[in-house]
Amino acid sequence: MLKNFTNHIDNQLPFLKEGKLLIAISGGLDSVILTHLCHELKLDIALAHCNFNLRGQESDQDENFVLELAENLELDVFIESFSTLEFAKEHKLSTQMAARELRYNWFSELAESLHFDYILTAHHADDNLETFLIHLTRGTGLSGLTGIPEINENIVRPLLAFSREALETYAKDHNLKWREDSSNASDAYLRNKLRHHVIPVLKETNPNLLQNFKTTVDNLKDTTDIVEESLRAVAKRAIIDIDEHKMVLDILPFKKANNPKAYLYEMFKDYGFTAWSDIEDLLDAQSGKQVFSDTYRLVKDRTHLILTHRNDDIIQSDSEDALHIIESTKKIQTPAGTLFFDEADAVFGKRSNVIFVDRDALTFPLSLRKWQEGDVFHPLGMKGKKKLSKYFKDEKLSLVDKENVWLLISEDNIVWVMDRRADARFKVRKKTTDIIKITLETSGGTKAL
């Protein structure tokens, strides 16, 4: 196996020979073999072991085993102890998911702080097959059937091409020791049920199962490339705007596609949505219709779909407390951005984020709040008053845009629909002697969605 592993590194992962590598080691067969193979190739490696404190003395014995292995091989080793059950309870995660999050977060911190180029994990071909079957039983799209990636950013899995049987043979031939995790014998987890009862039957039926599976995954990856190319073409036509707060998409490119639901799935699958029929129905739904995932929402707005982070505090904004601004305020941080209050000699320039007002028309303290149904203001440049709801409709504001509108208030009167329109009742007139310039600065953001 050493020869095959060497060839695999030379042909597929040559960059590992020049990198500083951190091996995630549990003490089990897979990670122990990976450590020995990398050591034989004289790669620049160190070990990182997580003690999740889930199996009492067993967990401590695993830690001691790793420490002894590192000493025998003269390798640096890093150990971290976690209160996994407490973390899982606090973050409402399963024990397995909590351990995974703790593990990878710590590995990333180590890699960043100690300048490791790559994190190596010991996933092998049987793990890949198990993951494929898990996704298949739970329901997934094409990407869920392409298996575990060999390279995922700085995480590399050099054993993915090798079977567990090959690892066991190498360990026995070289009299290597490893630790057995007692939880692996339990059928409490789906992965173990597949490992103990399903995969052995499949291998018995077809001795070439793993090789055929690899061929299938390679074919699916090729198909995925075609799908992604087609999706990029639709996305290029559909995405109108994207920033850290929202993504706005034109509905028409989806409706023109032969299978809109498939494109919608590929576009939004990473945002936690599961109600794909409901999302497809948004294409022909009335404006304001929404579909929610745990962390995001998708809103129909006329001829657009708008993706935003789910924020129940924003959705129920009527209940938010007003922010009060005293007369001596020069600068204040608000949910809408930073407000600056300056004296001015005259009105100059025309920008949506700046207004000039007559100080004598204001009654302090001013307040800041979200808009409410029934709000009325006197738009600067127009005669008379107008309901905010009508103003929003005329301005073609989406549901998301309206939810993010803040008002600057004097007593019960709107001074400014912030970053949009000032109120004429507070404008600077010929008789005005004291002018205040109010500026709203909002921070720019990266395209986080």
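User: Why does F268 count as buried?

Analyst: In this predicted model, F268 has 0% relative accessibility. Buried means under 20%, so F268 counts as buried.

User: What does F268 touch, leaving out residues up to four places away in sequence?

Analyst: F268 touches M247, L249, F273, W276, L298, L305 and L307. Contact here takes heavy atoms within 4.5 Å. As for its place, F268 sits in helix α11.

User: Which other residues of α11 are buried, and what covers them?

Analyst: The buried residues of α11 (260-268) are P260, L264, E266, M267 and F268. Their cover includes α9, β8 (246-250), α10 (252-256), α12 (276-281), β10 (296-301) and β11 (304-309).

User: How far is F268 from F107?

Analyst: Their C-alpha atoms are separated by 29 Å, and the two residues are 161 apart along the chain.

User: Back to β8: what makes it "mostly covered"?

Analyst: The count of buried residues: 4 of the 5 residues in β8. Each of those falls under the 20% cut-off for buried.

User: How do you know that β8 pairs with β7 and with β11?

Analyst: Two strands pair if there are at least two bridges between them. β7 (239-242) and β8 are joined by 3 bridges and run antiparallel, while β8 and β11 have 5 bridges, also in the antiparallel sense.

User: What makes β3 and β5 edge strands?

Analyst: They belong to an open sheet of 6 strands, ordered β3-β2-β1-β4-β6-β5, with mixed pairing. β3 (77-81) and β5 (151-152) each pair on one side only, and that puts them at the edges. On β3's paired side, 5 bridges join it to β2 (44-51), and the two run parallel. One example is C50, whose bridge partner in β3 is E80.

User: Which helices lie on that sheet?

Analyst: Among them is α3 (57-73), which lies across β2 and β3 and runs at about 165° to β2. Another is α5 (95-114), touching β1 (20-24), β2, β3, β4 (118-120) and β6 (155-156), with its direction at about 145° to that of β2.

User: And in the antiparallel sheet of 5 strands, why do β12 and β21 stand at the edges?

Analyst: The order in this open sheet is β12-β16-β19-β20-β21. β12 (323-325) and β21 (421-422) each have a single partner strand, so one side of each is left without a neighbour in the sheet.

User: How do you know that β16 and β19 pair?

Analyst: 4 bridges join β16 (366-370) to β19 (406-410), running antiparallel, and at least two are needed. S367, for instance, stands opposite I409 in β19.

How values were computed. Residues are numbered from 1 along each chain as its sequence is written. This is a predicted model: local features need pLDDT of at least 70, side-chain atom pairs count only at pLDDT 80 or more; totals for chains, interfaces and linings use all residues. Side-chain values use heavy atoms; hydrogens and water are left out. Axes are lines fitted to C-alpha atoms, for helices over the stretch in contact, and angles run from 0 to 180 degrees between N-to-C directions. Buried means under 20% relative accessible area, exposed over 50%, partly exposed in between (1.4 Å probe, protein chains only).
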